Amino acid sequence: MSAVKVYVAGHRGMVGSAIARRLAARDGVELVTRTHAELDLTNQVAVRSFMAIERPDVVILAAAKVGGIHANNTYPAEFIYENLMIQGNVIHQAFEAGVRRLLFLGSSCIYPRAATQPMREDALLTGVLEPTNEPYAIAKIAGIKQCESYNRQYGVDYRSVMPTNLFGPGDNFHQKNSHVLPALLRRFHDAARAGDAEVVVWGSGAPRREFLYVDDMAEASLFVMDLPAAAYEASTQPMLSHINVGTGEDISIAELAQAVARITGFNGRIVYDSTKPDGTPRKLMDVSRLAAMGWQARTPFEDALQQTYRWFQENEGRWRS
Ligand SMILES: NC(=O)C1=CN([C@@H]2O[C@H](COP(=O)(O)OP(=O)(O)OC[C@H]3O[C@@H](n4cnc5c(N)ncnc54)[C@H](OP(=O)(O)O)[C@@H]3O)[C@@H](O)[C@H]2O)C=CC1
Ligand SMILES: C[C@H]1O[C@H](OP(=O)(O)OP(=O)(O)OC[C@H]2O[C@@H](n3cnc4c(=O)[nH]c(N)nc43)[C@H](O)[C@@H]2O)[C@@H](O)[C@@H](O)C1=O
């Protein structure tokens, strides 16, 4: 039997690399990858030519313009333009090249800012989005709807998973553009090493977030991708094809800061900078649909935090330039 050819878009990113590692360990999989420098996914002609030549059997779309609250709020044009282009090109050109199965990675920010907690899949398009990341969320919603539209019109099998906030080895530890967890690991680590008296955390500390370890996310992605078509369809309602991925548990940013202080050995004061935005007050996923299908997160938060911190310490150099 010939190998299944799987193209992972974004294979050097945090999630894409975790997915690629799992796929590489599987028998019967031929992994296809291109770096950003080799293939700019915003370039329609290049993506068309790549798909026509490679003709993968399956596409996993983990490439995107990604960042935390500051990056989303500061570069909204890049977040909407690049994500719409990447998705539009990859999904459409995959279809043109005969790809029958595709997995699109969205985000929990697709749900309204004031969505009932925990957020069920059918909360989509029921209210106003969080302003700090609306352009990114609109692009992600368009990605879900593009997959649904091709399924409806052409009978292909394009699936969507909506991850909660992710973290782990390979994360982005940029001082401003990263998400909160890597940002705090770095800041508290630096403060502990320098013997600083205090560390500043953005916002009020009150917002609540749900954090999923990237290896669990990679496992969930392949779990959803591998489901037989009937099982996937049965789990989704018509016009509601996306599936939440998370732990089903959240913590406040203040609790996160305390956990990071513990792990990095910081004993000083934690102060809150109220000039920085809080963003969505709470983003807790309802993960009952995925649980009913047979998957749940398994890496304990403290273990995952330790592993991420270890990875940061081993790779610190790349963030110091
Ligand atoms: N991290 C998180 O907390 C969450 C992530 N997600 C989603 O999961 C997916 C993966 O995110 P994550 O791994 O964290 O992100 P990363 O930033 O770590 O990885 C994104 C990857 O996409 C590549 N990429 C970006 N733009 C282009 C382009 N124009 N052409 C080719 N490649 C490109 C990047 O390459 P390069 O670095 O070389 O530019 C990188 O390899 C995304 O869809 C994201 O929206 C959803 C919820 C939460
Ligand atoms: C995954 C998700 O990520 C983004 O949304 P977000 O959850 O709001 O992202 P965040 O991780 O950057 O912040 C979470 C909370 O934490 C607070 N916070 C404290 N101190 C720091 C800090 O130092 N850095 C950051 N980034 N946040 C901090 C921050 O003020 C906020 O209250 C989306 O834009 C979009 O990308 C998306 O889908």
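## A walk through the core, helices and ligand shells

The largest nonpolar core of this predicted model holds 82 residues, and those with the most contacts inside it are Ala9, Val15, Val59, Ile60, Leu61, Leu102 and Leu184. Helix 6 (residues 180-194) gives the most to this core, with 7 residues. A nonpolar core here is a set of buried Ala, Val, Leu, Ile, Met, Phe, Trp, Tyr and Cys residues joined through C-beta atoms within 7 Å. Buried means that 20 or more other C-beta atoms lie within 10 Å of a residue's own, exposed means 12 or fewer, and partly exposed is in between, with C-beta atoms placed from the backbone. Helices (H or I, at least four residues) and strands (E, at least two) are DSSP runs, numbered from the N terminus.

A word on conventions: residues are numbered from 1 along each chain as its sequence is written, while chains are lettered from A and ligands numbered from 1 in the order in which they are written. As this is a predicted model, local features need pLDDT of at least 70 and side-chain atom pairs count only at pLDDT 80 or more, whereas totals for chains, interfaces and linings use all residues.

Leaving aside residues up to four places away in sequence, Leu61 touches Ala9, Gln87, Val90, Leu102, Leu103, Phe104 and Leu105. Contact is counted when two C-beta atoms, placed from the backbone, lie within 7 Å.

In helix 2 (residues 44-54), Val47, Phe50 and Met51 are the buried residues. They cover an arc of only 95° around the axis, which puts them on the same side of helix 2; the arc is that of the directions from the helix axis to the C-beta atoms. An α-helix has 3.6 residues a turn, so residues three or four places apart point the same way. Val45, Ala52 and Ile53 are exposed on the other side of helix 2, and the buried residues of helix 2 pack against helix 4.

Helix 4 has 21 residues that should span 30 Å at 1.5 Å a residue, which agrees with end C-alpha atoms 30 Å apart. The expected span is 1.5 Å times one less than the number of residues. Its buried residues include Phe79, Glu82, Ile86 and Gln87. Just after helix 4, Gly98 takes a positive phi of about 90°.

Some loop residues have backbone angles to look at:

| Residue | Angle | Loop |
|---|---|---|
| Arg55 | phi about 40° | between helix 2 and strand 3 (58-61) |
| Pro118 | omega about -10°, cis bond with Gln117 | between strand 4 (101-105) and helix 5 (134-154) |

Arg55 is partly exposed, with 14 other C-beta atoms within 10 Å, and Leu125 is partly exposed with 13.

Finally, the ligands. Ligand 1 is surrounded by 24 residues, the closest being Gly10, Gly13, His36, Ala63 and Ala64. A residue counts as near if its C-beta atom, placed from the backbone, lies within 6 Å. Helix 1 supplies the largest share of this shell, 3 residues. The shell divides into 11 nonpolar, 9 polar and 4 charged residues. Here Ala, Val, Leu, Ile, Met, Phe, Trp, Tyr, Cys and Pro count as nonpolar, Asp, Glu, Lys and Arg as charged, and the others, Gly among them, as polar.

Around ligand 2 there are 27 residues, with Gly68, Val180, Ala183, Trp202 and Gly279 nearest. The shell around ligand 2 divides into 11 nonpolar, 13 polar and 3 charged residues.
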